[in-house]
Amino acid sequence: MLYPHESPSRERKDLDGLWSFRADLSPDRHAGFNQAWFKQPLAETGPVIDMAVPSSFNDITQDAELRDFIGWVWYEKEVWVPVRWVQDKETRIVLRVGSAHYYSMVWVNGVKVAEHEGGHLPFEADIDSVIRKDVGMPCRITIAVNNTLDLHTLPPGTIQYINDPTRYPAGYFIQNYNFDFFNYAGIHRSVLLYTTPKAYIDDITVNTTFSDSTGFVFYNVSVAGSTKPTVKLALSDKDGRCVATADGTLGVLKVPNVNLWWPYLMHENVGYMYSMEVKLTAESGQIDVYMLPVGIRTVQVTSSKFLINKKPFYFHGVNKHEDADIRGKGFDWPLIVKDFNLMKWMGANSFRTSHYPYAEEILQMADRHGIVVIDECPGVGIKDIRSFGNESLTHHLVVMEELVRRDKNHPSVVMWSVANEPAAEMPPAGFYFKQLVAHTKSLDLTRPVTFITDSNYARDLGAPYVDVICVNSYFSWYHDPGHLEVIPIQLNTQFDNWYGKYQKPIIQSEYGADAVPGLHNDPPMMFTEEYQKQVLQNYHKVFDQKRKEFVVGELIWNFADFMTAQGITRVVGNKKGMFTRQRQPKAGAFLLRERYWTIANETGVLPKWAKYPCHPVPHEGEECRTTKKF
């Protein structure tokens, strides 16, 4: 699915801002459908409140019932569609929802136009035929969103009804799930209208490689609305100079003196992006133009290395969440820019989209800044054997299709992750992950596929099918809490066991410890900043041994503190972050910064001014007087 960029033939109208909102508080949560709230303005069917879009609805009000609400919520907004869009019958008008969690139905002027299962990924619908029935009237958009999770959703969950009038109120139920982050819900990303001609570029796929100094961009353009299209492509460099051209819907662009896309801190010229203009001319004479950013790079995996552009790449990065005060998982540009600045300050060259696909704009930032991404689907909390059945697998395959179609052209995305910490030792897991990994590989032949495991190495039934072993472990925290001395022994054993059985490169995909900011104790005790630091230091000593052999990455859990469900092991959320939820550093952030820049400086490719901790960037020819020598 192409991102809705504007072009000479395409326009967009953002619908972000205040929407009318109501939660369906009826016992069965179906009053909205029984009373057909979508057929008239929402305010005419009962009370509404203002709701920001994009945002989660949970933390916007002072209402604890809404914070923890499970069921259908309703959004509505009236918008004016530009008259030129409506009058030009050769214009296609599309309504696009960037993400709504979890199940969504959409009506325009009371007419159902879309239905989508799954959060975190976009969906859209052509609405020009509906709009043109009511010319001269505002367009009323109604979106109903249900955040209920069951055994076959992704992520899965269960609804537990408790019928005990001596202990609980009538109709009492709770939503159970097996993941450790708050189940934020609502319209989390932008809603917008955009246009294309009736004959339009529907999709583009690019795969890249290089030989010596020549780059190759293999492309495939899908066209809709035209049986005999003429397609022309032109690739331009950062300075706008055309470096390659081609004709046809399928072919290759040859790029002389290619500038490769390099990860942050791996090269002097990181995140280099070309611009590929695709121009469609239909037999009717209609023209559609789409501009696709393109980074030229390769990814390969050997038995002990992860290679980008044929050179060993070591992941020194973070796991993240889309999570912040008030907005929950709602898209927020200032927060995104701040997070990238903090990652680069720390010397992080990578992150995993734990545990769901992040906003497309985040991947676009990663492309430009050279930050490597492990792109993960929402397959978290698959713990019940009933979630390994055909219904769950079928849905999981569809989610991977949507994810790959959305993110396949991002050079920053170097690997797909199909799940996090599933119950991979259960008997159905072998078939499930064999099918899932094979299907993902069939969608994209250029990237490795993994899932993140916390299972026993000898009993993990999905591990034989992945390209890279990604292991989560929390020695001296969830296991042997308080005993730092076990980390070197258990971590060495972990790595040797996994590599001995599978002979595949290994990423420590999660490790860490909670630290309440400002809590101190010496000798270190759990939940203090000192204890978090010592956990990290003990892990790092083993990493430094094993990265000389077959360990190809380390991703701290977590970049920042984040909200979770209430429970006796969580004090207003998970505190394993290197930064607080408000993005202020703990002691661990400085430790990790020192480590990551040390690793980066080992590459020997950084210019002197780029070496930690030089700020600001000196003028050309100057040396950084604060450059630290390692």
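Here are some exercises with worked solutions on a predicted model.

**Exercise 1. Work out which side of helix α5 faces inward, and what it packs against.**

Start with the helix itself. α5 covers residues 333-346, which makes 14 residues. From first C-alpha to last, α5 reaches 20 Å, close to the 20 Å expected at 1.5 Å a residue.

Next, pick out the buried residues. They are Leu 335, Ile 336, Asp 339, Phe 340, Leu 342, Met 343 and Met 346. Look down the axis of α5: these residues fall within an arc of 160 degrees, so they line one face of the helix.

Now see what that face meets. The buried residues of α5 pack against β25 (315-319), β26 (350-352), α6 (360-369) and α11 (587-601).

Finish with the two ends. At the start of α5, a side-chain oxygen of Asp 332 comes to within 3.2 Å of the backbone nitrogen of Leu 335. After the helix comes Gly 347, with a positive phi near 85 degrees.

**Exercise 2. Find the residues with the most contacts inside the largest nonpolar core, then trace the surroundings of Phe 351.**

First, the core: it has 90 residues, and those with the most contacts inside it are Phe 340, Phe 351 and Phe 433. α11 gives the most to this core, with seven residues.

Then zoom in on Phe 351. Skip its neighbours within four places in sequence, and its contacts include Phe 340 and Met 343. Both of those are among the buried residues of α5. Other contacts of Phe 351 include Val 318, Tyr 358, Ile 362 and Ala 366.

Last, look elsewhere. Another core, of 46 residues, lies apart from the largest one, and Val 206, Ile 296, Phe 315 and Ile 374 are among its members.

**Exercise 3. Decide how enclosed strand β4 is, and find its pairing partners.**

Begin by counting. β4 spans residues 72-79, and seven of its eight residues are buried, so the rest of the structure largely encloses this strand.

Go on to the partners. Strand β2 (residues 17-23) runs antiparallel to β4, with four bridges joining them. Across this pairing, Phe 21 stands opposite Tyr 75 in β4. Strand β10 (residues 139-146) also pairs with β4 in the antiparallel sense, over eight bridges. There, Val 79 has Cys 139 in β10 as its bridge partner.

**Exercise 4. Describe helix α10 and what covers its buried residues.**

Take the length first. α10 (residues 529-546) has 18 residues and reaches 26 Å between its first and last C-alpha, close to the 26 Å expected.

Now the buried residues: among them are Tyr 531, Val 535, Leu 536, Tyr 539 and Phe 543. Their cover includes α9 (487-502), β31 (506-510), β32 (551-556) and α11.

Terms used: Residues numbered from 1 in each chain as written. Predicted model: local features only at pLDDT ≥ 70, side-chain atom pairs only at ≥ 80, totals over all residues. Heavy atoms only, no water. Helix = DSSP H or I, 4+ residues; strand = E, 2+ residues; numbered from the N terminus. Expected span 1.5 Å × (residues − 1). Buried < 20%, exposed > 50% of the residue type's maximum accessible area, 1.4 Å probe, protein only. Arc of directions from axis to C-beta. Contact = heavy atoms within 4.5 Å. Polar contact = N/O pair within 3.5 Å; in protein donor to acceptor, adjacent residues only side chain to side chain. Core = buried A, V, L, I, M, F, W, Y, C linked by side-chain atoms within 4.5 Å. Pairing = 2+ DSSP bridges.
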